[in-house]
Amino acid sequence: MRGTTVVTGAAQGVGLVTARVLAQLGWRVVLTDLQPLAAALESLRERGVEAIGIQGDVASEEFAGSLAERLERDYGGAEVLVNNAGISMICPAEDTTAAQWRRVMDINLLGPFLLSRHLGRGMLARRRGSIVNVASIAGLAGVSHRSAYNASKHGLVGLTRTLAAEWGARGVRVNAVCPGWIKTEMDVADQGSGAYSDQDIIDRVPMARFARPEDVAEAIAWLADRDKSAFVNGACLPVDGGWTADASWDSLRVRTRT
Ligand SMILES: NC(=O)c1ccc[n+]([C@@H]2O[C@H](COP(=O)([O-])OP(=O)(O)OC[C@H]3O[C@@H](n4cnc5c(N)ncnc54)[C@H](O)[C@@H]3O)[C@@H](O)[C@H]2O)c1
């Protein structure tokens with residue numbers, strides 16, 4: 001078996017698929033989430049892979065510290081950390097409250113920092129580690145009605161680059177993936193509020209489709225693996241079907257499809 005990887009927000013969506021892909025590649029995978037993990041572990045078992053579940057809140061420093069201690073004690077520490085847990089927030093900027101802003105920042109930005117700090121200490125001591133942050137194209141460009149979410153993801157991109165600069169020479173690489181819109185429970189909830197439609201996204205993406213969780217998981221697995229992405233450090237990799245590369249106006253983009 002390869003080393004130990006921790007995936008946060010792994011009860012569903014991108015986190016669960018990433019846990020499966022990593023486990024199928026031979027990593028020992030620890031799933032964490034605010035929600036219970038029994039159903040996620042069972043779904044992995046049905047696909048022939050065993051994993052470990054530890055429930056907790058990524059925004060809690062106590063959880064980050066106790067997780068790091070447990071990983072050191074039981075598994076000799078983590079080699080890979082995937083900071084995937086995150087929440088969405090769609091609200092006009094002028095109506096966004098300080099409490100909403102803080103909650104998004106706590107989960108999407110403080111959480112990855114705390115876990116990187118606590119799990120990163122062991123990685124630095126062993127001079128071996130890879131941290132992959134799940135940011136978003138909302139970390140690379142503005143999207144209306146998402147001031148807190150976009151600021152948190154821009155912050156995560158900044159944290160990625162800073163830790164890459166600080167820890168690269170000590171054997172710990174830090175990278176991010178920046179996905180476009182993905183078909184997960186988060187998208188179902190966001191579309192449920194009437195914020196956008198499937199067609200809005202399909203028309204905007206050069207590849208004319210949503211991302212699949214697997215598209216994101218495979219990019220994460222590549223960044224996690226020191227044999228595959230050995231000299232990749234501080235990269236914020238769009239996994240967006242070309243969204244951020246494309247400045248075409250809408251009718252031109254759609255016209256190229258025929
Ligand atoms: N779905 C998209 O279109 C999309 C696009 C770009 C980036 N992302 C990012 O990808 C990541 C995964 O998104 P998803 O679509 O799978 O979302 P999801 O809502 O389906 O899953 C997120 C998971 O994170 C968990 N979580 C939330 N708060 C937590 C906390 N405080 N502590 C621990 N776990 C917590 C949830 O319980 C849930 O299981 C997020 O960081 C999201 O911002 C999503």
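Is arginine 209 buried, exposed or partly exposed, and how many other C-beta atoms lie within 10 Å? The views below look at this and more. The model is predicted: local features need pLDDT of at least 70, side-chain atom pairs count only at pLDDT 80 or more, and totals for chains, interfaces and linings use all residues. Residues are numbered from 1 along each chain as its sequence is written.

**View 1. Arginine 209 sits in the loop between helix H7 (198–204) and helix H8 (213–224).** Helices here are DSSP runs (H or I, at least four residues), numbered from the N terminus. Arginine 209 is partly exposed, because 15 other C-beta atoms lie within 10 Å (20 or more would be buried, 12 or fewer exposed, with C-beta atoms placed from the backbone). Leaving out residues up to four places away in sequence, arginine 209 touches Ile202 and Gly241; contact means C-beta atoms, placed from the backbone, within 7 Å.

**View 2. Helix H3 (residues 61–75) packs with helix H4 (residues 98–126) at about 25°, their axes 9 Å apart.** Axes are lines fitted to C-alpha atoms over the stretch in contact, and angles run from 0 to 180 degrees between N-to-C directions. H3 is therefore roughly parallel to H4 (angles under 35 degrees count as such). In H3, Glu61, Ala64, Gly65, Ala68, Leu71 and Glu72 meet Leu114, Leu115, His118, Leu119 and Gly122 in H4.

**View 3. Leucine 22 has several contacts.** Setting aside neighbours within four places in sequence, leucine 22 is in contact with Thr5, Val7, Trp27, Val29, Ala221 and Ala224.

Definitions and conventions:
Helices (H or I, at least four residues) and strands (E, at least two) are DSSP runs, numbered from the N terminus. Angles under 35 degrees count as roughly parallel, over 145 as roughly antiparallel, 65 to 115 as roughly perpendicular and the rest as oblique. Two residues are in contact if their C-beta atoms, placed from the backbone, lie within 7 Å.
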